[in-house]
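Hi everyone, thanks for coming. Let me put the model up, and then we can walk through its aromatic rings, its pocket and a few overall totals.

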Amino acid sequence: MKKLFLGICLALSISATAQVRLPQPSPAASVAQTVGTTDISIKYSRPSIKGREIFGGVVAFDKVWRTGANAATQITLSNEISLGGQKVAAGTYSVFSIPTKGDWTLILNKDITATEQTYTPEKDALRTSVKVGSNTKTESFTIDFSDVTDSTANLNIYWADKKAIAPIAIETSKMTENAINKAIADNSNTMRVAAEFFLGKGKLNQALTAVNSSISGGETFRNLWVKAQILAKTSNYAEAFPLAQKALALGSTDTSGSFNFMKEAIEKGIADYRAKLPVAAPVTSKKKKAM
């Protein structure tokens with residue numbers, strides 16, 4: 001019984017020791033920055049100088065460096081950016097560099113678990129040259145962002161007496177315009193579907209309001225055809241007829257293939273509306289009375 005008790009105590013002691021969190025020589029760190037509508041985040045470890053010669057010593061010149069310590073430094077981009085003048089797609093990459101006595105080469109690699117020993121340039125997503133200058137002594141390796149605008153920023157890497165700067169540029173205006181246009185298009189499609197629903201329920205006023213909102217986001221053969229059907233339901237064939245014709249013309253340029261399923265119905269509608277157009281009264285000339 002005594003041996004069993006000692007065994008349990010030993011097991012508990014080992015378990016407790018295993019759960020103790022110990023300080024790391026190169027502690028983990030992270031930094032994040034939003035530039036316009038793009039999120040950039042970096043996870044890395046921070047080695048310290050500790051009286052050592054860093055560049056040309058701990059970090060050899062002209063060799064691939066993990067740009068930090070421990071596991072690979074990782075950068076995550078929510079959108080495409082330009083880093084050091086080179087474009088790189090959204091995604092997560094490992095960060096490597098090649099320090100020299102002059103400018104450095106900054107590398108983003110698709111293998112996020114790569115080490116200095118397993119790194120292969122064939123998996124590089126980006127390689128760019130970055131300027132390096134002298135800096136006030138920085139004891140702990142540091143990565144941060146500066147000079148942030150809605151479309152630009154600087155990615156800074158500091159350690160010892162060196163500071164590498166990689167300029168970031170992002171097409172924020174273009175991406176924002178595209179997002180706005182997509183939102184308008186999505187809303188236009190939603191309102192067209194709503195108009196179809198109201199039309200099916202015979203709620204023509206609501207259907208007309210919805211389809212007009214859809215058309216305000218851009219004319220398509222679909223929303224014009226829906227409006228033509230709504231107007232026809234109110235016997236307004238004079239307006240329904242040209243809208244149906246315009247829907248047919250727009251549909252003929254459609255490349256999605258969906259128009260093929262609606263072409264026959266639109267053509268039939270055009271024929272029906274034409275037949276129901278009000279007939280203009282013939283113009284008769286008044287005869288002059290004989291003098």
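Let's begin with the rings: searching the whole structure turns up 13 aromatic pairs. To pair, rings of Phe, Tyr and Trp (its six-membered ring) need centres within 6.5 Å; planes under 30 degrees apart count as stacked, over 60 as edge-to-face and the rest as tilted.

Before going on, a word on provenance: this is a predicted model, where local features need pLDDT of at least 70 and side-chain atom pairs count only at pLDDT 80 or more, while totals for chains, interfaces and linings use all residues. Residues are numbered from 1 along each chain as its sequence is written, and side-chain values use heavy atoms, with hydrogens and water left out.

One of the pairs is Tyr-44 with Phe-141, edge-to-face at 5.8 Å centre to centre and 75° between the planes. Tyr-44 sits in strand β2 (residues 38–45) and Phe-141 in strand β8 (residues 124–146), so this pair links parts of the chain 97 residues apart. Strands here are DSSP runs of E, at least two residues, and helices are runs of H or I, at least four, numbered from the N terminus. Buried or exposed, what is Tyr-44? Tyr-44 is buried, at 6% relative accessible area, and Phe-141 is buried at 0%. The cut-offs are under 20% for buried and over 50% for exposed, with partly exposed in between, using a 1.4 Å probe and protein chains only.

Next come Trp-65 and Trp-159, which are stacked because their ring centres are 6.1 Å apart and their planes at 10°. Trp-65 is in the loop between β2 and β3 (74–77), while Trp-159 belongs to strand β9 (residues 152–169), so the pair ties together parts 94 residues apart in sequence. Trp-65 is buried at 6% relative accessibility, and Trp-159 is buried too, at 2%.

The largest pocket holds about 210 Å³ of space. Lining it are 14 residues, and the closest to its centre are Val-58, Val-59, Trp-65, Arg-66 and Glu-116. A pocket here is an open set of points on a 1 Å grid where a 1.4 Å probe fits, with protein on both sides within 12 Å along at least five of seven lines; lining residues have an atom within 4 Å of a point.

Finally, the totals: the protein chain has 6 helices and 9 strands, and 34% of its 291 residues are buried. Thanks, everyone!

Definitions and conventions
Points joined across faces, edges and corners; volume = space filled by probe spheres on them.
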